[in-house]
Amino acid sequence: MQLIDGKAVSAQIKQEIAEEVKQIVAKGGKRPCLAAILVGHDGGSETYVANKVKACEVCGFKSTLIRFEAEVTEEELLKKVQELNEDDDVDGFIVQLPLPKHISEQKVIEAIDYRKDVDGFHPINVGRLSIGLPCFISATPNGILELFRRYNINTKGKKCVVLGRSNIVGKPMANLMMRKAVPGDATVTVLHSHSQHIKEECRQADIIIAAMGQPDFVTADMVKEGAVIIDVGTTRVSDPEKKSGFHLNGDVKFDEVAPKCSFITPVPGGVGPMTIVSLMRNTLMAGKKEIYK
């Protein structure tokens, strides 16, 4: 069993990005700039955004954090999105999800200029992904692909089960694993809360990508010997022994599943760091106008 170290891979990629940015600036080019909008004070969102700002520093990007209280109106938020769309200094920006209930997330996502949509959530980027055109790919699935690449995990012709069908992970992940590319070329089954025979399907899988948000959902009896397990789950479970009062729990029962695997990602330290570094790579591509002129 080999542990997939997302933390080490992401640190390496950040250094590669920082080197490229240094060269761009040395040649008189523009330093990439990422802006983030954070609404309210959700603990998870605060942590994610703080990590993104830190990653920008390491990569040599400019970054701007725009904060709103949870009571902000949809109209005010959309106005700020429009300002960022028109700001030539900002190469890419994200609106941290989830948003308060009174704001339509879909409306906000669609208001973002798709050429600056480094989260890859805009319908134009999602549509281009589904037919294999260059686009901003959402960060978590993109990060998982990079782990397959760097660990030389063969996906061609393999049976891949994706657990979960969210717009952020499950659907784009399934699309990427099916595409004619490396990594890709897999035979993909998407399972979700209404699927039947989940255990039987998982037992046949060479690769399981678990993104259901259900702690310890994948158990040893669902996994065949030698399978590759990618655990996207990050549920906060209360833990009085921790200073923070919680620990992060994956969708996979790690201790019992790991001995059966050829490769497995831990939680934390697996997919999480790759999500942030994928956002950095999208921002670099936006700055270089690599996808959209």
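This briefing walks through helix packing, aromatic pairs and some backbone details of the structure above. Keep in mind that the model is predicted. Helix H1 packs against H10 and also meets H2, while H6 packs against H7. On the ring side, the count comes to 3 aromatic pairs, and two cis peptide bonds to prolines turn up as well, one at proline 183 and one at proline 268.

**H1 with H10**

- Helix H1 covers residues 6-26 and helix H10 covers residues 271-287; they pack at about 15°, and their axes are 9 Å apart.
- Angles under 35 degrees count as roughly parallel, so H1 and H10 are roughly parallel to each other.
- The contact draws on Gly6, Lys7, Val9, Ser10, Ile13, Lys14, Ile17, Glu20, Val21 and Ile24 from H1, and on Pro273, Met274, Val277, Met280, Arg281 and Leu284 from H10.
- Sorted by class, the residues of this H1 and H10 contact come out as 10 nonpolar, 2 polar and 4 charged.
- As for handedness, H1 and H10 cross in a left-handed way.

**H1 with H2**

- H1 also meets helix H2 (residues 43-59): the two axes come within 8 Å and cross at roughly 50°.
- That angle makes H1 oblique to H2.
- On the H1 side, the contact is made by Lys14, Gln15, Ile17, Ala18 and Val21, and on the H2 side by Ala55, Val58 and Cys59.

**Glutamate 19 in H1**

- Glutamate 19 sits in helix H1, and its relative accessibility of 39% puts it in the partly exposed class.
- Between glutamate 19 and serine 130 there are 32 Å in space, C-alpha to C-alpha, and 111 residues in sequence.

**H6 with H7**

- H6 and helix H7 (residues 170-178) pack at about 35°, with 9 Å between their axes.
- The crossing of H6 and H7 is right-handed.
- From H6, the residues involved are Pro141, Asn142, Ile144, Leu145 and Phe148, which meet Pro172, Met173, Leu176 and Met177 of H7.
- This H6 and H7 contact has 8 nonpolar residues, 1 polar and no charged ones.

**Aromatic pairs**

- The total is 3 aromatic pairs.
- In one of them, the ring centres of phenylalanine 136 and tyrosine 292 are 5.8 Å apart and the planes stand at 70°, so this pair is edge-to-face.
- The pair bridges distant parts of the chain, with phenylalanine 136 in the loop between helix H5 (123-130) and helix H6 (139-150), and tyrosine 292 in the segment after H10, 156 residues apart.
- Phenylalanine 136 and tyrosine 292 are both buried.
- Tyrosine 151 and phenylalanine 263 make another edge-to-face pair, at 6.3 Å centre to centre and with 75° between the planes.
- Tyrosine 151 is in the loop between H6 and strand S5 (159-163), and phenylalanine 263 is in strand S11 (residues 261-264), so this pair ties together parts 112 residues apart in sequence.
- Both tyrosine 151 and phenylalanine 263 are buried.
- Tyr114, Phe136 and Tyr292 are linked by ring pairs into a cluster.

**Cis peptide bonds**

- Valine 182 and proline 183 are joined by a cis peptide bond, with omega at about -10°.
- Proline 183 belongs to the loop between H7 and strand S6 (187-191).
- The bond from valine 267 to proline 268 is cis too, and its omega is near -5°.
- Proline 268 falls in the loop between S11 and H10.

- Asparagine 152 is not a glycine, yet its phi is positive, at about 50°.
- You'll find aspartate 216 in the loop between strand S7 (207-210) and strand S8 (227-231), where a relative accessible area of 32% makes aspartate 216 partly exposed.

Conventions:
Residues are numbered from 1 along each chain as its sequence is written. This is a predicted model: local features need pLDDT of at least 70, side-chain atom pairs count only at pLDDT 80 or more; totals for chains, interfaces and linings use all residues. Side-chain values use heavy atoms; hydrogens and water are left out. Axes are lines fitted to C-alpha atoms, for helices over the stretch in contact, and angles run from 0 to 180 degrees between N-to-C directions. Helices (H or I, at least four residues) and strands (E, at least two) are DSSP runs, numbered from the N terminus. Angles under 35 degrees count as roughly parallel, over 145 as roughly antiparallel, 65 to 115 as roughly perpendicular and the rest as oblique. A crossing is left-handed if the near helix is turned anticlockwise from the far one by less than a right angle, and right-handed if clockwise. Contact means heavy atoms within 4.5 Å. Ala, Val, Leu, Ile, Met, Phe, Trp, Tyr, Cys and Pro count as nonpolar, Asp, Glu, Lys and Arg as charged, and the others, Gly among them, as polar. Rings of Phe, Tyr and Trp (its six-membered ring) pair if their centres lie within 6.5 Å; planes under 30 degrees apart count as stacked, over 60 as edge-to-face and the rest as tilted. Buried means under 20% relative accessible area, exposed over 50%, partly exposed in between (1.4 Å probe, protein chains only).
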